[in-house]
Amino acid sequence: MESENPSLKNKLPALNWLSVSKMMQYRVQNFAKYAEKLCGSKHSMATSSISETFSCPLPPYFASHFLGTPSITEDLIRRNAEHNDCVIFSLEELSLHQQEIERLEHIDRWCRHLKILYLQNNLIGKIENVSKLKELEYLNLALNNIEKIENLEGCEELTKLDLTINFIGELSSIKSLQHNIHLKELFLMGNPCADFDGYRQFVVATLQQLKWLDGKEIERSERIQALQNFPVIEQQIREQEKAYFLKRAKDKEEAQRKLQEEHEKEAEESHPGSDGRWYVGTQTLASSSLENHEYLRAPEMQDGEQNKKKLADGEDDLEFWNKPSLFTPESRLETLRHVEKQRKDQEKLREKKKKAKPPRTLITEDGKALNVNEPKLDFSLKDDEKRNQIILDLAVYRYMDTSLIDVDVQPTYVRVTVKGKPFQLVLPAEVKPDSSSAKRSQTTGHLVICMPKVGEVITRGQQTAKPVKCTPDSSREQASQRSKQIEKLEVDPSKHSFPDVANIVQGETRTPRRVRSEPKIIPSEEDLDFEDNPDVPPLI
């Protein structure tokens with residue numbers, strides 16, 4: 001760490017590696033102020049990019065430290081407080097597990113009424129900023145990078161503490177829990193201290209308020225025996241702690257050495273200038289020009305290069321996971337950085353594929369239009385011979401704004417651009433672009449384009465009447481013919497829509513009886529004595 005980086009030395013002459021290492025402890029927003037204080041010059045710091053501050057890209061060693069680590073934000077707490085209507089000041093239970101949190105902060109100021117706090121499976125390296133949680137009863141910090149028990153004296157109501165699978169090797173730090181008089185359950189399994197000889201007896205004798213340790217109830221006889229042997233056990237624990245501290249120091253040195261080698265390797269791959277400075281223009285401009293003109297290259301070459309890169313990345317990934325490593329906080333952080341790097345590489349590859357996508361060909365070099373349906377919309381094309389026009393019905397999305405649609409009618413094809421995606425269709429006949437019309441249905445949202453054909457007269461649906469010479473005689477004859485024609489209603493019994501009630505029940509058809517009228521007696525001429533008197537009524 002004593003060697004100096006010429007890139008930073010040339011830019012910031014007053015800085016050395018010791019000062020830079022102190023800067024790494026600051027967040028991105030405070031780094032500019034600290035650099036201004038040391039160098040006496042102002043630098044415009046943007047939280048998104050440190051490179052713009054020094055007008056050059058920083059080496060990967062610095063970039064990895066200046067990246068914003070996942071932290072506890074107000075938005076994160078509100079998103080996990082839906083059961084409390086997203087109100088955080090009165091929150092009593094909060095779960096922030098598997099959030100890749102590396103530092104505990106803000107919770108003691110925003111959620112002072114917490115009773116249950118889940119922080120398992122994160123990357124927290126130190127217990128801090130929880131002393132103001134006076135009502136906290138259960139704290140879960142399992143699967144983190146904690147190496148020491150501290151800063152829990154202010155949690156007066158703490159009854160259960162879970163520190164399973166951490167890196168606690170300083171077992172004597174549990175003495176800080178003697179102030180938590182309500183503590184009944186403690187979990188320390190999976191920690192290096194749990195492998196010490198006399199571990200359970202030391203904890204039982206030190207924390208006399210405990211009722212359960214690692215899920216096992218503490219008997220009264222066990223506590224009496226632990227208190228009797230406490231001086232001997234305490235001496236054993238101290239010796240084992242010293243041995244663990246020496247081993248831990250070696251592991252840290254080994255981890256730092258590997259990390260420095262990886263950063264040096266990355267720095268060599270990034271190709272700095274001959275004078276050791278880091279320049280912006282060369283690599284970034286070259287990469288941008290390659291991206292802009294990459295679609296001109298053959299697709300086979302692009303696929304081959306991508307396959308080679310995927311194969312190389314797969315081999316590196318396999319080598320990383322198969323490489324033996326120690327179970328240390330540094331190894332957990334290294335695994336997280338590796339996963340993040342893979343995710344970012346995949347995102348860059350997807351963006352590169354999107355940028356490298358060649359523009360779609362709508363018209364060939366010889367001027368021939370092609371059928372294209374990039375928005376993947378349903379359509380129907382009709383040839384209306386009655387009106388001599390071609391109708392295109394395009395199933396545009398119902399609730400899409402019409403301003404996102406652009407229609408271009410040409411004599412031989414029609415093109416519709418929907419949200420920047422072209423739809424092009426070659427027409428079966430030549431049409432008139434100037435006389436064409438486009439409308440959208442208010443019910444379905446479909447786009448209907450009517451395109452009249454060229455060279456034919458567009459007629460209406462009604463037939464035109466032939467001109468006839470009118471004379472007074474002909475008009476009289478037509479009027480007399482109309483008066484003679486009698487319009488009658490034609491009733492067809494077979495087309496009745498209602499049922500015939502009389503024929504529902506089929507039986508013997510009986511003909512109705514009809515009263516026969518008696519024949520009228522007409523007197524004959526032979527009856528000479530007959531007189532027809534009109535006053536006499538007829539005989540019935």
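Modeller: First, the elements. Helices (H or I, at least four residues) and strands (E, at least two) are DSSP runs, numbered from the N terminus. Two strands pair if DSSP finds at least two bridges between them. The model is predicted: local features need pLDDT of at least 70, side-chain atom pairs count only at pLDDT 80 or more, and totals for chains, interfaces and linings use all residues. Residues are numbered from 1 along each chain as its sequence is written, and side-chain values use heavy atoms, without hydrogens and water.

Biologist: Which residue takes a positive phi in the hairpin of β12 and β13?

Modeller: Strand β12 covers residues 413-418 and runs antiparallel to β13, over 6 bridges. Between the two strands of the hairpin lie 2 residues. The one with a positive phi, near 55 degrees, is lysine 419.

Biologist: What is the bridge partner of valine 372 in β13?

Modeller: Strand β8 (residues 372-373) and β13 (residues 421-426) run antiparallel, joined by 2 bridges. In general, strands of a sheet pair through backbone hydrogen bonds, either parallel or antiparallel. For valine 372, the partner in β13 is glutamine 424.

Biologist: Are β5 and β6 parallel or antiparallel?

Modeller: Strand β5 holds residues 185-187, and β6 holds residues 212-213. Leucine 186 has leucine 213 of β6 as its bridge partner. The two strands pair over 2 bridges, and the sense is parallel.

Biologist: Which strands stand at the edges, each with a single partner strand?

Modeller: The open sheet has 7 strands with mixed pairing, in the order β1-β2-β3-β4-β5-β6-β7. An edge strand has a single partner, so one of its sides has no neighbour in the sheet. The edge strands are β1 and β7.

Biologist: How many residues of helix α8 are buried?

Modeller: Buried means under 20% relative accessible area, exposed means over 50%, and partly exposed lies in between. The areas come from the Shrake-Rupley method with a 1.4 Å probe, and only the protein chains shown count as cover for residues. Helix α8 spans residues 199-206, and its buried residues include Tyr199, Arg200 and Phe202. Of its 8 residues, the number buried is 7.

Biologist: How many salt bridges are there?

Modeller: In general, side chains of opposite charge can pair when their charged atoms come close. Here a salt bridge is a side-chain nitrogen of Lys or Arg within 4 Å of a carboxyl oxygen of Asp or Glu. By this rule, the count is 18.

Biologist: How far apart are the closest N and O atoms of arginine 78 and glutamate 74?

Modeller: Both residues lie in helix α6, 4 residues apart, which is about one helical turn. Arginine 78 is partly exposed at 32% relative accessibility, and glutamate 74 is also partly exposed, at 35%. In their salt bridge, the closest N and O atoms are separated by 2.8 Å.

Biologist: Is glutamate 105 buried or exposed?

Modeller: Glutamate 105 forms a salt bridge with arginine 103, and Glu128 is linked with these two in a network. Arginine 103 is partly exposed at 39%. At 8% relative accessibility, glutamate 105 is buried.

Biologist: Which residue meets aspartate 384 in a salt bridge?

Modeller: Aspartate 384 is buried, with a relative accessible area of 17%. The N to O distance is 3.5 Å, and the partner is arginine 387.

Biologist: Where is phenylalanine 327 found?

Modeller: Patches join residues with over 30% relative accessible area and no salt bridge: like charges within 9 Å, nonpolar side chains (Val, Leu, Ile, Met, Phe, Trp, Tyr) within 5 Å. Leu143, Ile165 and Phe327 make a nonpolar surface patch of about 260 Å². Phenylalanine 327 is exposed, at 53%. Its place is the loop between α12 (299-322) and α13 (329-355).

Biologist: What separates the C-alpha atoms of tyrosine 397 and glycine 445?

Modeller: Tyrosine 397 sits in the loop between β10 (389-394) and β11 (405-409). Tyrosine 397 is partly exposed at 41%. Along the chain, glycine 445 is 48 residues away from tyrosine 397, yet their C-alpha atoms are separated by 6.3 Å.

Note on methods: Buried < 20%, exposed > 50% of the residue type's maximum accessible area, 1.4 Å probe, protein only.
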